[in-house]
Every structure is written in structure tokens, then in C-alpha cells.
Amino acid sequence: KSMNLSVISVGNKPNKWELEGIEHYLKQLKNNIKINFINIKGQQNPKRTIDEVIKIESGLILEKIPSTSYLISWDIEGEKINSKELSMIFERSMQTNAKICFVIGGSFGLSKDIKKLSDKVISASDFTFPHRLFRIILIEQIYRAVSIINKMPYHK
């Protein structure tokens, strides 16, 4: 079964080592999964308040969310789930042909609107990760979830 995923992230375009890390997992996913990376430039500016930055970034994110997506936002205050639970979300979306869209906010996080709009708000950890690293962590978790679904040994 194949699956369509979008990853919307606010921040810098991936650099060389980040692309290599992402590529490493994409290669292993073969063709079962199409991932569309959508990058939104962070809107930090000395003339803007944190709230203004979050508001502008959220507007840009909202424009990019594919319609009829199952929307999952990453937020430090989100629900903690493990790899097995993520794989169950994937499995359900494969059965219903739902598109999944992940949203990774900028340095100041996501607006309440986006969190309200999300079907799920999850937290990867109590740690705060740099953006560049988190995109790789997310792709690795997608690979791990797919391995669990396909009963491959990687997940252990």
C-alpha cells in the first residue's frame, strides 16, 4: 500500500547534511511512500513581536495544508505517543486513503488556530530540537512506523 504524506516546516531550507540524512531514510522507504516537503521561510524580524511572527507563519502554513488531510502538528505541549502508536495512525490512514500532513512550527511554535484545526497534536519529547534535526527525526520515525506496519525487524 502506498501513502501520501506532506511535511510543512517553518525554517531554513534543508542544508547538505540534512538532505543526506533525509535521503538516507527516503531510500529505505522505497516507493511505498510519497513525501512532499513544503518549506516555509521563518518570519522573525526585529520589528515584529513573537505573536506577530506566529500569526504570519500560521497564515503561510494554512495556505499550504493539502485539503482533506489528516493534520498532525508537532508541539511540545502535545500528546506523547510512541512509534507503535504512530504506526497505527499510518495504518488507519492507509485503510481510509487519507493523506497525512505533518506541521512543524518555527522557533516560536504554532498558533492556537493551527493546533485547534489539527486532528492530532503530538510531542516527540520534552526536549526542544533544532529544526534541521527534527525533520530528520520525523523521517526516521516515518520509516520506523512503516517498518512496524510491514513487520520488518528495524523497529527494535
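This report walks through the cores, surface patch, salt bridges and aromatic pairs of a predicted model.

## About the model

Because the model is predicted, local features need pLDDT of at least 70 and side-chain atom pairs count only at pLDDT 80 or more, while totals for chains, interfaces and linings use all residues. Residues are numbered from 1 along each chain as its sequence is written, and side-chain values use heavy atoms, with hydrogens and water left out.

## The nonpolar cores

Let's start inside. The largest nonpolar core holds 28 residues, and L5, F90, F102 and I142 have the most contacts within it. A nonpolar core here is a set of buried Ala, Val, Leu, Ile, Met, Phe, Trp, Tyr and Cys residues joined through side-chain atoms within 4.5 Å. Buried means under 20% relative accessible area, exposed over 50%, and partly exposed in between (1.4 Å probe, protein chains only). Two or more residues come from each of β1 (3-10), α1 (16-29), β2 (33-40), β3 (69-80), α3 (83-96), β4 (99-104) and α5 (131-149). Of these, α5 gives the largest share, 9 residues. Helices (H or I, at least four residues) and strands (E, at least two) are DSSP runs, numbered from the N terminus.

Leaving aside neighbours within four places in sequence, L5 is in contact (heavy atoms within 4.5 Å) with I33, K34, I35, N36, F90, I100, F102 and I142. Another core, of 11 residues, lies apart from the largest one and has I8, V10, I61 and V103 among its members.

F127 sits in the loop between β5 (120-123) and α5, and is exposed at a relative accessible area of 62%.

## Salt bridges

The whole structure has 7 salt bridges, each a side-chain nitrogen of Lys or Arg within 4 Å of a carboxyl oxygen of Asp or Glu. K16 and E20 form one of them, with their closest N and O atoms 2.8 Å apart. Both lie in helix α1, 4 residues apart, about one turn of the helix. K16 is exposed, at 62% relative accessible area, whereas E20 is partly exposed, at 45%.

E18 and R132 form another, at 3.0 Å between the closest N and O atoms. E18 is in helix α1 and R132 in helix α5, so this pair ties together parts 114 residues apart in sequence. E18 is buried, at 0% relative accessible area, and R132 is partly exposed, at 21%. K80 and D126 also meet in a salt bridge (2.8 Å, N to O). Salt bridges with shared partners join E18, R132 and R135 into one network.

## Aromatic pairs

The structure contains 6 aromatic pairs. Rings of Phe, Tyr and Trp (its six-membered ring) pair if their centres lie within 6.5 Å; planes under 30 degrees apart count as stacked, over 60 as edge-to-face and the rest as tilted. F129 and F134 form a stacked pair, 6.1 Å centre to centre with 25° between the planes. F129 is partly exposed, at 30% relative accessibility, while F134 is buried, at 7%. Ring pairs link W74, F90, F102, F127, F129 and F134 into a cluster.
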